[in-house]
Amino acid sequence: MSLQKTPPTRVFVELVPWADRGRENNLTSGGVTQPGLHHPISSTQAQTATREVHVSGTAEVSAGPDRAQVAVRVSSTKEVAAEAKKSVCRRLDYITQSLQQQGVQAENITVTKDFRRVENAYHMEAEVCITFTEFGKMQNICNFLVEKLDSSVVISPPQFYHTPGSVESLRRQACLVAVENAWRKAQEVCNLVGQTLGKPLLIKEEETKEWEGQIDDHQSSRLSSSLTVQQKIKSATIHAASKVFLTFEIKGKEKKRKHL
């Protein structure tokens with residue numbers, strides 16, 4: 001009785017040193033090296049081959065608006081030009097003095113005036129644009145002006161926005177947090193397999209995104225002027241996301257030297 005021949009062994013995974021990466025492309029579907037393309041690596045090359053760990057990291061950060069602008073409009077229509085001017089200037093002086101007493105700096109206050117003739121009367125209108133960095137102070141001042149001034153004074157809803165520097169800072173923060181997350185991941189992987197994480201060899205930001213915060217559908221169906229201050233702040237909040245790819249060197253555990 002003749003013995004059956006044992007079928008040839010098929011290799012599905014082969015670990016090769018990093019220095020012989022090109023050999024991976026010379027394997028056939030069964031894992032057999034093509035003839036004439038196999039170049040053995042010496043022990044010295046294998047020891048000096050760089051071992052690496054590749055990780056990705058993501059992060060998402062957000063920041064609310066850091067500025068708000070409110071416009072206060074004062075107008076008067078009189079048959080005599082001087083009376084129209086006097087009416088507007090009197091309330092305008094009261095508004096600017098109140099702002100200064102509340103601690104609003106002069107550079108954050110812009111005043112514009114418009115004077116024109118309307119049929120047989122004179123119309124004067126003034127607008128005070130105020131920029132706030134403290135939203136609590138903004139609400140207190142607006143409430144104070146509504147209480148002290150008559151209905152001819154119109155205070156616009158606050159418009160929240162970001163300064164260009166704050167947006168750029170948010171983008172950088174997203175990238176840095178993503179890199180930190182990737183580094184921690186690589187550190188934990190090396191600790192798990194008993195290796196020491198080495199220096200970074202490659203740091204690459206692969207993707208960035210940013211968008212403004214959205215309120216829910218029920219709230220968005222309402223007019224913007226009817227939204228509360230907190231809803232407007234949430235809507236103006238900017239989100240930034242970053243995805244990075246990092247490559248680190250892997251160092252072996254150093255052997256402890258025996259003391260004589």
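What is the volume of the largest pocket? In this predicted model, the largest pocket has a volume of about 200 Å³. The protein contains 6 helices and 8 strands, and buried residues account for 31% of its 260 residues.

**Overall architecture**

- Read from the N terminus, the elements follow the order α-β-β-α-β-β-α-β-β-α-β-α-α-β.
- Of the 260 residues in the protein, 31% are buried.

**The largest pocket**

- The lining of the largest pocket includes Met-138, Gln-139, Cys-142, Asn-143 and Val-146.
- Also among the lining residues are Ile-155, Ser-156, Pro-157, Pro-158 and Val-229.
- Helix H3, which spans residues 135–148, supplies the largest share of this lining, with 5 residues.
- Sorted by class, the lining comprises 7 nonpolar and 3 polar residues, and charged residues are absent from it.

**The sheet formed by E1, E8 and E7**

- These 3 strands form an open sheet in the order E1-E8-E7, and the pairing is antiparallel.
- E1 and E7 lie at the edges and have a single partner strand each, so one side of each lacks a neighbour in the sheet.
- On average, neighbouring strands of this sheet are turned by 15° against each other, with direction ignored.
- Strand E8 covers residues 238–251 and is mostly covered, since 10 of its 14 residues are buried.

**Strand pairing in detail**

- Strand E1 (residues 52–63) pairs with E8 in the antiparallel sense, over 12 bridges.
- Within E8, Ala-240 is the residue opposite Val-61.
- Thr-58 has Lys-243 in E8 as its bridge partner.
- Strand E7 (residues 196–212) is likewise antiparallel to E8, and the two pair over 13 bridges.

**Ala-59 in strand E1**

- Ala-59 belongs to strand E1.
- Ala-59 counts as buried because its relative accessibility is 10%, and the cut-off for a buried residue is under 20%.
- The C-alpha atoms of Ala-59 and Val-244 are separated by 9.0 Å, although these residues are 185 residues apart along the chain.

**Ala-178 in helix H4**

- Ala-178 is located in helix H4.
- With a relative accessible area of 0%, Ala-178 is buried.
- A separation of 9.9 Å is found between the C-alpha atoms of Ala-178 and Val-61, which are 117 residues apart along the chain.
- Val-61 is also the residue that stands opposite Ala-240 in E8.

- Gln-195 is situated in the loop between helix H4 (164–192) and E7.
- The relative accessible area of Gln-195 is 19%, so this residue is classed as buried under the cut-off of under 20%.
- The side chain of Gln-195 makes a polar contact, at 3.0 Å, with the side chain of Arg-51.

Definitions and conventions. Residues numbered from 1 in each chain as written. Predicted model: local features only at pLDDT ≥ 70, side-chain atom pairs only at ≥ 80, totals over all residues. Heavy atoms only, no water. 1 Å grid on protein atoms, 1.4 Å probe; cavity = no way out; pocket = protein on both sides within 12 Å on 5 of 7 lines; lining within 4 Å. Points joined across faces, edges and corners; volume = space filled by probe spheres on them. Helix = DSSP H or I, 4+ residues; strand = E, 2+ residues; numbered from the N terminus. Nonpolar A, V, L, I, M, F, W, Y, C, P; charged D, E, K, R; others polar. Buried < 20%, exposed > 50% of the residue type's maximum accessible area, 1.4 Å probe, protein only. Pairing = 2+ DSSP bridges. Polar contact = N/O pair within 3.5 Å; in protein donor to acceptor, adjacent residues only side chain to side chain. Axes fitted to C-alpha atoms, helices over the stretch in contact; angles between N-to-C directions.
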